[in-house]
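Subject: Structure handover

Hello,

Please find the structure below, followed by notes on what was found in it.

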Amino acid sequence: MIELKNLRAGYPGRPVLEGIDLEFRPGQVLAILGPNGCGKSTLLRTVNGLLPKSGGQVLLEGVPIDALSPKQIAQKIAYLPQSRSTPSITAGRMVLHGRFPYLSYPRHYRAEDREMVRCALEWVGGLELAERPLPELSGGQRQKVYLAMALAQNTGTILMDEPTTYLDVSCQLEVMELARRLAEEGRAVVMVLHDLTLAMRFAHRAALLCQGRVQQVGTPEELYAGGTLKQVMGVSLERVRTPAGWRYFYP
């Protein structure tokens, strides 16, 4: 589990996060919600050690993240940024990048690394993509490849920054269903999301940020009942009960 205690972070001359207390729990999808510029992406980058914190603690299984090397962090946390380059390599080679934290340099892939890649692609339903060039894939197919890369990294925590952006509705749902499956396997899945209806449908818990502070943390039902969601996001949600649970929508 990852624990954030009074976390403060930002950029030179521009503080962004103030007094963040939050837990990333195994077996759960945590949605990070909030308006643009509230610190959602900064939060993920700080937890992953890519951005230095200015105060507070990030504890990874009880150990301060400052005490860990980048390689050790990468063996515990997989991070999928919002934007990334699309190298001219096959999908299978891209997924192999998830094995980098376990290899010395120069990298020599082992049979177990290639088997991990095969299993990861099969798990996301993308085994047939292995030999296809990454630039030729659709957005939804690429997202499957990136998720497979995170799986191949074999970490207990997966951080995703807006993984459904630019995807059509069916691909968005597929990514969210894969996130739930990852959590069901015991991983902590943390997703920055802008679509409130997706977050409220698939997340076990949500953290609502505003101006660098956590305004509310709870289940989707608790956020819906609390009224803070409308106050911070400026939109109302309605809901209807279905056999599969509550479904939220914009009125």
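Strand β6 is covered on both of its faces: Ile77 and Tyr79 on one side, and Ala78 and Leu80 on the other, are all buried. Buried means under 20% relative accessible area, exposed means over 50%, and partly exposed is in between (1.4 Å probe, protein chains only). In a regular strand, side chains alternate between the two faces of the sheet. Helices (H or I, at least four residues) and strands (E, at least two) are DSSP runs, numbered from the N terminus.

Before going further, note that this is a predicted model, in which local features need pLDDT of at least 70 and side-chain atom pairs count only at pLDDT 80 or more, while totals for chains, interfaces and linings use all residues. Residues are numbered from 1 along each chain as its sequence is written, and side-chain values use heavy atoms, with hydrogens and water left out.

The partner of β6 is strand β7 (residues 157-161), and the two pair in the parallel sense over 4 bridges. Two strands count as paired if DSSP finds at least two bridges between them. Within this pair, Tyr79 stands opposite Leu159 in β7.

Ile77 belongs to β6, which covers residues 77-80. Ile77 has a relative accessibility of 2% and therefore counts as buried. Leaving aside residues up to four places away in sequence, Ile77 touches Ile2, Val47, Asn48, Leu60, Ile65, Gln153, Thr155, Thr157 and Leu159. A contact here means heavy atoms within 4.5 Å. Leu17 is 60 residues from Ile77 along the chain, and their C-alpha atoms are separated by 20 Å.

There is also an open sheet of 4 strands, with antiparallel pairing in the order β2-β1-β4-β5. Its edges are β2 and β5 (63-64), which have a single partner strand each, so one side of each is left without a neighbour in the sheet. Strands β1 (residues 2-11) and β2 (residues 14-24) pair in the antiparallel sense over 7 bridges. Ile2 has Phe24 in β2 as its bridge partner. The hairpin of β1 and β2 has 2 residues between the strands, and Gly13 there takes a positive phi near 75°. Strand β4 (residues 53-60) pairs with β5 in the antiparallel sense over 2 bridges, and Leu59 has Pro64 in β5 as its bridge partner.

Now the helices. How many of the 15 residues of α5 are buried? The count is 12, so α5 is largely enclosed by the rest of the structure. Among these buried residues are Gly140, Tyr146, Leu151 and Gln153. They pack against α2 (70-74), β6, α3, α4, β7 and α6. At 1.5 Å a residue, α5 should span 21 Å, and its end C-alpha atoms are 21 Å apart, which agrees. The expected span is 1.5 Å times one less than the number of residues. After α5 comes Asn154, with a positive phi near 60°.

Lys144 is a residue of α5. Its relative accessibility is 15%, so Lys144 counts as buried. Lys144 touches Val124, Gly125 and Glu174, again not counting residues up to four places away in sequence.

Helix α4 (residues 111-123) has 13 residues and should span 18 Å at 1.5 Å a residue; its end C-alpha atoms are 18 Å apart, which agrees. The buried residues of α4 are Asp113, Val117, Ala120, Leu121 and Trp123. Seen down the helix axis, they fall within an arc of 155°, so they line one face of α4. The arc is that of the directions from the helix axis to the C-beta atoms. These residues pack against α3 (91-96), α5 (139-153) and α6 (169-184). Gly125, which follows α4, has a positive phi near 75°.

Arg187 is in the loop between α6 and β8 (188-192). With 12% relative accessibility, Arg187 counts as buried. A polar atom of its side chain lies 3.3 Å from the backbone oxygen of Thr155.

Last, the cysteines. A disulfide is counted when two cysteine sulfur atoms lie within 2.5 Å, and the count by this rule is 0 disulfides. Cys210 is in no disulfide, and the nearest cysteine sulfur, that of Cys38, is 7.1 Å away. Cys119 is partly exposed, with a relative accessible area of 31%.

Regards

Definitions and conventions: A polar contact is a pair of N or O atoms within 3.5 Å; within protein, one must be able to donate a hydrogen and the other to accept it, and residues adjacent in sequence count only if both atoms are side-chain atoms.
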